[in-house]
Amino acid sequence: MPFIDSKISMPVSQAQQETLKTELGKTMPLLGKSENFLMVGFQDNYDLYMGGKKLTKGAYISVSLFGEASSEIYSQMTGEICNLFERELQIPKENIYITYHGIHDWGWNGQNF
């Protein structure tokens, strides 16, 4: 039950969103999860500031996960996500923040897991 929510400081086309969604799906085995339950969201043209300066190319990415993963796994995910956003959107890695949230109660289809 992963959810990856991206706030991106620039416009992102439908084609770019599709590519990001597909590539994020390929990272799910790192988390021990299936792409079948992956939910992805994008907010583009989002105002982001770092160090008091507005970012023209930046991203904040929040990864919510049913259960937990190790710091080592999260570190691998950070590398994969940063590489992906740099490659597809030309966002410098130093302008990408990623947070991870382990969730113990997750609802779907009228019930909780």
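**Exercise 1.** Which residues are buried in α1?

*Solution.* The model is predicted. A residue counts as buried when its relative accessible area is under 20%. In α1, this class contains Q17, L20, L24 and G25. These residues lie on the same side of α1, because they cover an arc of only 135 degrees around the axis. An α-helix has 3.6 residues a turn, so residues three or four places apart point the same way. The cover over the buried residues of α1 includes β1 (3-8), β2 (39-43) and α2 (71-89).

**Exercise 2.** Locate W106 and decide: is W106 buried or exposed?

*Solution.* W106 lies in the loop between β6 (96-103) and β7 (107-108). Its relative accessibility is 15%, so W106 counts as buried. Leaving aside neighbours within four places in sequence, the contacts of W106 are M1, P2, F3, S64, L65, F66, Q111, N112 and F113. L65 is 41 residues from W106 along the chain, with a C-alpha separation of 9.1 Å.

**Exercise 3.** Describe the setting of F113, and state which residues make a nonpolar surface patch with F113.

*Solution.* F113 is placed in the segment after β8 (111-112). With a relative accessible area of 45%, F113 is partly exposed. Together with F37 and W108, F113 makes a nonpolar surface patch of about 330 Å². F113 is also one of the contacts of W106.

Methods
Residues numbered from 1 in each chain as written. Predicted model: local features only at pLDDT ≥ 70, side-chain atom pairs only at ≥ 80, totals over all residues. Heavy atoms only, no water. Helix = DSSP H or I, 4+ residues; strand = E, 2+ residues; numbered from the N terminus. Buried < 20%, exposed > 50% of the residue type's maximum accessible area, 1.4 Å probe, protein only. Contact = heavy atoms within 4.5 Å. Patch = residues over 30% accessible without salt bridge, like charges linked within 9 Å, V, L, I, M, F, W, Y side chains within 5 Å. Areas by Shrake-Rupley, 256 points an atom, 1.4 Å probe, with all protein chains shown as cover. Salt bridge = Lys/Arg side-chain N within 4 Å of Asp/Glu carboxyl O. Arc of directions from axis to C-beta.
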